[in-house]
Amino acid sequence: MRNRFNAIFNYSVKHVCELALIICLLYSYFQPVHDHPWERIIKSDGLGYYSYLPAAFIYHDFQYSFTTDIVKKHPRTDFGAGFTKETENGKVNKYFVGLSILWFPFFLIAHFLSFLLGYPTDGYSLLYQILILLSANFYLWLGCRYTRKLILEYPLSEKVAAVILLLTVFGTNLFFYVTVDSALSHAYSFAIIAACLYFWKQFLQTKKIKNLYLTLFLFGLVLLIRPTNIVVCLMFLFFAGNLKTFWDTLRGLKIKEIIVAGFIFLITIFPQFLVYYLQTGHFIVWSYGDERFFFDNPQLFNVLFSYQKGLFIYTPLVLVALFGLIYLFKNNKFQFTIMCLFLFLSTYIISSWWCWYYGASLGLRAFIDYYSILALLMTFLYLNFEKTFYKKTLLIIAPIFIIHTLILMHQYRHSIISWASMNKQKFWFSFLKISKDYEGLVYSDALFSENEPTNIIHIKTSQNKFVCSERNAEGSVVADKDVASSWETFNMISLSSTTIALKSEDGAYVSSLINEGGVIRHSAKEIKEWETFQLVPIGKNVFLLKACNNKYIRLSGTKLFADADNFSEGEHFTIIKL
């Protein structure tokens, strides 16, 4: 039995890329949480990246007028505000063409199968969606293959390489952008950058010109997907080890080889200029309209440390991996300098974009493109520890990062964390929470104001009904709900050891309207006398509530009133802290 286990383990280590692929495929299949999930794979930015393909090969329409009919046929294909921009030269797809090039084989397969199996051949029906999901998994596998090859160039075992690779995929948000938001560009950039760096390193070692040609072809694809990833070219210097080796390698090229290499690069990036011409009659267009970079105001701190999307907050593995710089500092000051320059410039560019948190996303998704370099830093971190004890410690804590990622994915997909508007209060409230009780609550900014302490509660009556702040003109507070959701949620603000105020999810404070017979409503904009209540404990988490008129709050039918001189079972309230 032990020999069989060792054989399986060794096989898994050797085929860790395939293992990662199988896990991602299984999760891709079982992960859907919405109705008709397979019809919502091509979405968000992915609609823009993808729409070149149906525009070119099905509709022959680079004005994208066909999208109106697509929405009618496929209501779940939501183009939202649109992926096109009006320029002085006409309408243009603001996204770059690189992903469509990577998707082209999968698009052809989907088109053929749709025709063969009787599905609509409109570019957006079920099989097209599924093939895009499969393409993300394929490029994940490809990126893992080249990342593994890259890190095994250094003196570490296949077992350690397997751990680093699994951490790169499952200890970060890369896993999410392969299996859930698979139509966004980041998993694909990860794969192409990993392959590009590997072939460049091979060229430096072997001087075989085919490796240089492959490097420049792949680097062209890198730019076609996201031009800001041009900063990756710094890694060409890094792998050279020093400037002399870099220049000597370039000087060793023949004129013919330089011309061919340049031609390969230019022909690779030419499709972008071609599609601009087909859309506007001009080869060069700024397609993003008024969306731009603010290089004079980079949000460096927010990008790294913000509770909203901060890289180190949502992907702490990156922070740990940075200690791999110590190894570079000890062993090669030139590589240390280049790596630091790359890390700074890539972060500077990412943090200068007008929407520094990159909209609805799990963590800072723009960094995913560089996760092959993250794997390198983890390799250097491992090599830096000479004592076996510390190496084993690193391997032992690895599952923590994976669990952290899986929890974040669950929270994101079930709205336990907000897609875009997290803050410190929301982050710590939802930290490690996975229960359905927390779903949707963080989308209330009123409950999680930075100006007030956060103490989120449900209130249940002795009849086992939840107190609810209804959304009506009167601002009624009733107790008639069997299940608690956002309307049944309050922020209990402590004003003293026994005095509280209650803020409802809509931002209004709960009041006892003394001049209206003590009826309880949520309508106040600030805390005054009528918005204060005294907690009188009578059991574990069970309280009486006394209003400012010194009357107990009682339940009459489904409504609440502050008019009781004495208390009975009807005045018992259980406070459930979330």
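Biologist: Which residue takes a positive phi in the hairpin of strand 10 and strand 11?
Modeller: Asn 541, with phi near 60°, and the hairpin has 2 residues between the strands. Strands here are DSSP E runs of at least two residues, and helices are H or I runs of at least four, both numbered from the N terminus. Keep in mind that this is a predicted model, where local features need pLDDT of at least 70, side-chain atom pairs count only at pLDDT 80 or more, and totals for chains, interfaces and linings use all residues. Residues are numbered from 1 along each chain as its sequence is written, and side-chain values use heavy atoms, leaving out hydrogens and water.

Biologist: OK, in what sense do strand 10 and strand 11 pair?
Modeller: Antiparallel, over 6 bridges; pairing takes at least two DSSP bridges between the strands. Leu 535 has Leu 545 of strand 11 as its bridge partner.

Biologist: And how many bridges join strand 11 to strand 14?
Modeller: 2, and those strands run antiparallel. Val 542 sits opposite Thr 574 of strand 14.

Biologist: Why is strand 11 largely enclosed by the rest of the structure?
Modeller: Because 5 of its 6 residues are buried (under 20% relative accessible area, with exposed over 50% and partly exposed in between, using a 1.4 Å probe and protein chains only).

Biologist: Switching topic: how much of the chain counts as buried?
Modeller: 52% of the 578 residues. The chain has 22 helices and 14 strands, and its C-alpha atoms fill a box of roughly 100 × 65 × 60 Å along the principal axes.
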